[in-house]
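Morning, everyone. Let's look at the model on the screen and walk through a few of its contacts.

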Amino acid sequence: MLCRIGEIEVWRILEWQGLFLPPEELFPNAPPDVAQIMEDLAPGTVDAGSGRIILPVQAYLLKTPDQVVLVDTGIGNHKTSKSLPFWSDLTDTRFLSALAAAGIAPQDVDFVVFTHSHTDHVGWNTTLRDGAWIPTFPNARYLMPDADVEMLSGRGLAIYDESLAPVIEAGLVDRIGADFPHNDQISLLATPGHSPGHVSVLLSSQGQEAVLTGDALHSTAQCQHPHWQFKFDSDPDLAVASRRTLLETCVARDLTVIGSHFTLPSIGKVTSDGDVFRWTEP
Ligand SMILES: [Zn+2]
C-alpha cells in the first residue's frame with residue numbers, strides 16, 4: 001500500500017517503467033538545459049546514457065470501506081500505439097499482478113475513474129480474448145470524461161476501437177463531467193488542457209486530503225516550472241493554467257500529492273515560496 005488517506009487505502013499499480021522521450025522534445029518551451037534542470041529538481045528522472053526521461057506508467061487502486069475504485073487503467077496488452085511503438089503489443093502481467101497483490105481480482109472493481117483518455121490511461125479497460133476485446137472489469141461502471149470520449153469517437157482510432165468502444169457497447173460507461181459527485185470521499189477537480197476532459201481526483205477522509213494529479217503534472221520539476229508545456233497537451237495554454245490552479249489548490253489545502261508519472265516514491269507535497277512552487281517528498 002502506498003498510503004492511507006483517512007479510511008481510504010491507496011495502492012500504486014505500477015505497470016511499466018522505461019525510457020520515454022527526451023525532455024527537450026517532451027517539454028518544447030522549456031529552456032535548452034531542461035535535462036539539467038530536471039536532474040537538479042527531480043534527480044534520477046533523466047537517463048544519462050540515452051538522454052531520455054525515465055517514465056513510470058501507473059494506475060491507483062482506492063479501497064474505501066465500501067467500494068473498490070481503480071483510477072486509470074494503464075497501457076494494456078496487445079494494444080496498438082503507432083506513435084509510441086514501445087507501448088504496442090505488450091504481453092505483460094504486471095498490472096493484474098499488482099491488483100492481485102492488493103487483494104483485488106478484476107471482478108471486484110466497482111468503479112473505474114479516468115483522469116483522461118490517453119493510451120497509457122485506458123489500456124486495461126479491455127482484454128483481448130479469442131480475437132475480441134472484452135471488458136477487463138465486468139462488474140465496474142467506467143466513469144469516462146465526456147469531452148475525451150467525444151474527442152476520440154468516430155475517427156477510426158485504434159485507442160477507441162480497442163479500449164473505449166468495447167466497454168461503451170457493453171453498456172458499462174457513464175460519460176461524466178468534472179462536477180460528477182462520485183461519493184463523499186472521492187471527487188473530481190477539472191484540470192483540462194492535457195486533454196479536453198482531463199480531471200484530477202480528490203480524496204477526502206477523516207480530515208485528510210490527497211489529489212491524484214493524472215497528467216496535469218508529468219514531472220515534479222513542473223512544480224517549479226508550471227509553464228513547461230507538454231508535447232501531447234491538446235491545449236497547452238489551458239494545461240498551464242490548470243497546472244497553476246492545481247498547484248495553488250495543493251498548497252492551500254495542504255494536499256498529499258500523488259502523480260501518475262512521478263518516479264518513486266510518487267508521493268509528496270507542494271509548498272510555495274513566494275510565487276514559486278516546490279516539490280517535497282516525505
Ligand atoms: Zn499519461
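Is R175 buried, partly exposed or exposed? Its relative accessibility is 41%, so R175 counts as partly exposed. Keep in mind that this is a predicted model.

Now its partners. R175 forms a salt bridge with D146, with the closest N and O atoms 2.7 Å apart. R175 sits in strand β9, D146 in helix α5, 29 residues apart. D146 has a relative accessible area of 34%, so it is partly exposed too. E150 also forms a salt bridge with R175, at 2.8 Å between the closest N and O atoms. E150 lies in α5 and R175 in β9, so this pair ties together parts 25 residues apart in sequence. Through shared partners, D146, E150 and R175 join into one network. The whole structure has 8 salt bridges.

Next, the sheet. Six strands form an open sheet, ordered β10-β11-β12-β13-β14-β15, with mixed pairing. The edges are β10 and β15. The twist averages 35° from one strand to the next. Helix α8, residues 236–252, packs on this sheet, and its direction makes about 95° with that of β14. Buried residues in α8 include A239, V240, L246 and L247.

Last stop: D254. Just after α8, D254 takes a positive phi of about 50°. D254 also forms a salt bridge with K269, the closest N and O atoms being 3.2 Å apart. That links the loop between α8 and β13 to strand β14. K269 is at 27% relative accessibility, so it counts as partly exposed.

Technical notes: Residues numbered from 1 in each chain as written. Predicted model: local features only at pLDDT ≥ 70, side-chain atom pairs only at ≥ 80, totals over all residues. Heavy atoms only, no water. Pairing = 2+ DSSP bridges. Helix = DSSP H or I, 4+ residues; strand = E, 2+ residues; numbered from the N terminus. Axes fitted to C-alpha atoms, helices over the stretch in contact; angles between N-to-C directions. Contact = heavy atoms within 4.5 Å. Buried < 20%, exposed > 50% of the residue type's maximum accessible area, 1.4 Å probe, protein only. Salt bridge = Lys/Arg side-chain N within 4 Å of Asp/Glu carboxyl O.
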